[in-house]
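Me: I would like a close look at one part of this model. Please take me through a sheet and the helices beside it.

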Amino acid sequence: MTAISPTPTSWDRPHRAAERMARAWSLAIAGTSYVSMNGLEVQDFLTSLASRLIHALTAETFDPADVREVGSTLVAAHFTEPTTLERTLAVLAEQFGNAPVKRVAQIQGALASGYALALRDRVLDEQEEIRTAALWARARAEEGRRVSEARFQAIFAGAAIGMSVSTIDGQVIEVNQALCDMLGYTAEELRAMSFDDFVLPEDPPTAGAMFDEVLSGGREQFRIEKPYVRKDGHRVWTDLVASIIRDEDGRPRWLVAMFEDITERHLLQVRLRHQALHDPLTQLPNRTLFYERINALLDPAGDSETRVGVCYLDVDGFKVINDTLGHDVGDQLLQTVARRLARSINNERQLVARMGGDEFVVLVEQCHGIEDVVAVAEQALDTVRAPVHVGGHEISISASIGVVEQPVRGTSAGELMKAADTTLYWAKADGRNRLALFDAERHAREVKRYELSASMPAALERREFFVEYQPLVRLDDGVTIGVEALVRWRHPRFGVLGPDAFIGMAEETGLIVPLGRWVLQEACRQAAEWRRTAGDRAPIMSVNLAVRQMRDRTIVRDVRAILEQTGLPPEGLQLELTESAVMSTGDDPIEALAALAALGPRIAIDDFGTGYSNFAYLRNLPVHSLKLAGSFVAGLRPPERPDPVDQEIVAAVIGLAHTLKLSVTAEGVETAEQATRLKELGCDTAQGWYYAGSGPASAIEL
């Protein structure tokens, strides 16, 4: 059917949109039903209904009740022919063509449901009248029995719906012509049949029990939707209502059954359900059907031995293909991948579904271990890797897959898919074109890391962070000449955490800037306090600056403001920066470093030897000190024979640093042998557990 007017793309004028939709609707259903309205009256009637449908389409939350009422209103106005419903649904599809597919499917389904329910109620009213007439006829006095029986026979024979009368042992004794036409048998053929001849595998599971209960007199009637096979082999779906008829003594005697042909409605419902549960692009099961299947499988009371697996697949580099070759090529690529997966993974205990975008998932039911799921994942990888020819292009693709295998009992769909999604991310991060297996311990670590990252801003406001200080000792005489400020986190759940547990996350999230500012202020405040109480014996305060802090435009202003606020002289502060923070190709870090040095603090390069280690570069920087990485100092630990390579490196660094007028501090000194050897090599200062660990300000001896 061709649309009469263009499909609306905007619903900001709902009344005009309703009128436009009503014109198309009235033309579509003209002549399909017999109603007592002229053309203008029909259009006015449909305009009000169209307004309600447009409201349902644009509402934030979908309410099916109002849409069902639209369907029942059509029936109440005598638009009762199946063709009317069919064309109405087609008009909805055309008029709402640019709307979300899911919402349109919901509206179509709700309207069809309301329409069908109204038709059913109308038929039930007729059925009830028939049943009442039958009972009344049998209850009348003997003298009026012949008249009553004739009336019942007329109603029975002339009813528009199929009817039958059977004995309670299941033998058919009477049928009307409508039932004969519906099933394609003659009355004699049907009377020769029993209930058992109409049992089909597609029958509802409760059908047999309902029949038995009615025939035994346990209930008066029941209603089900049941298929029957016509004589020509075609299936007919019926709305079956069966009622028991009792004799004068109240004993069950006959069974009266009424059959309404609902084949068209059933097929429409099947089509609508398929649309709601399958991806329109690939025709694979969609997210909704996948979760239906997995929720049915994950029974909390299920067998503890049963296990389930999930392979979560993502096409590598799909966004690049979309952006460079176009979305049409991307769609064809997804269709090809979907067909390949469906062909290669077609076991009845495996379900391939599209989760959205370029993500697919394979559900592996009743697997016997991780090996079964890995085999499915490897098969999927091999399937996807074959080159794809689309749009005149040969595209070589790959995929990454997260593999999860767990027992059914105690597992929820949400937890299972969260684990699969996390594992897919691992496969992507590890280089793509591979599968990754779920690791509960790794997942727990990442969950903890996420929790820490999420709680850091509030922790800073609640002052859960605190600063400890580790002495910097002069090797010549063992005097403490400085301290390094080290931040700690007193976490309410995980206890005291060192910087290794959270500094990396702080740099990733940008929180390192306010956290570093707070550490600098706290350390400078403590250093100023020592200056007031110890005078010249107060140690130099050494504070680390992260890479992200150096790239922050406010770093120079922040250092200047903190020195002014705390009253700490600039020469009492040493700022430690990693090589990567200053030895880059950009000009901004160098300019910031020069500006910081101009304020007066000492500048030290931390962990020297793990990054660029470029002395030629250093000579042009305003640097005062190098802090030698602890990994080199560790080589000096064995008392019998220190590592000769590390010893030569340390000696060379110290010598070159002194040539550049730079002092050298050794980190990670843990033994007397290391301290002695460093002193012999000419190192200036050292820090480490040999002298003292980090502690509160009160533990520093001035």
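How many bridges join β7 to strand β8, and do the two run parallel or antiparallel?

Reply: Keep in mind that this is a predicted model. Start with the pair you asked about. β7 and β8 run antiparallel, and six bridges join them. β8 covers residues 359-367.

In general, strands of a sheet pair through backbone hydrogen bonds, and the pairing can be parallel or antiparallel.

Now step back to the whole sheet. It has five strands, and the order is β7-β8-β6-β11-β12. The sheet is open, and its pairing is mixed. From one strand to the next, the twist averages 20°.

Next come the helices. Helix α11, residues 287-297, packs on the sheet. It touches β6 (307-315), β7 and β8. The direction of α11 makes about 135° with that of β7. Helix α13, residues 327-344, also packs on the sheet. It touches β6, β7 and β8. Here the angle is taken with β8: the direction of α13 makes about 10° with that of β8.

Definitions and conventions
Residues numbered from 1 in each chain as written. Predicted model: local features only at pLDDT ≥ 70, side-chain atom pairs only at ≥ 80, totals over all residues. Heavy atoms only, no water. Pairing = 2+ DSSP bridges. Helix = DSSP H or I, 4+ residues; strand = E, 2+ residues; numbered from the N terminus. Axes fitted to C-alpha atoms, helices over the stretch in contact; angles between N-to-C directions. Contact = heavy atoms within 4.5 Å.
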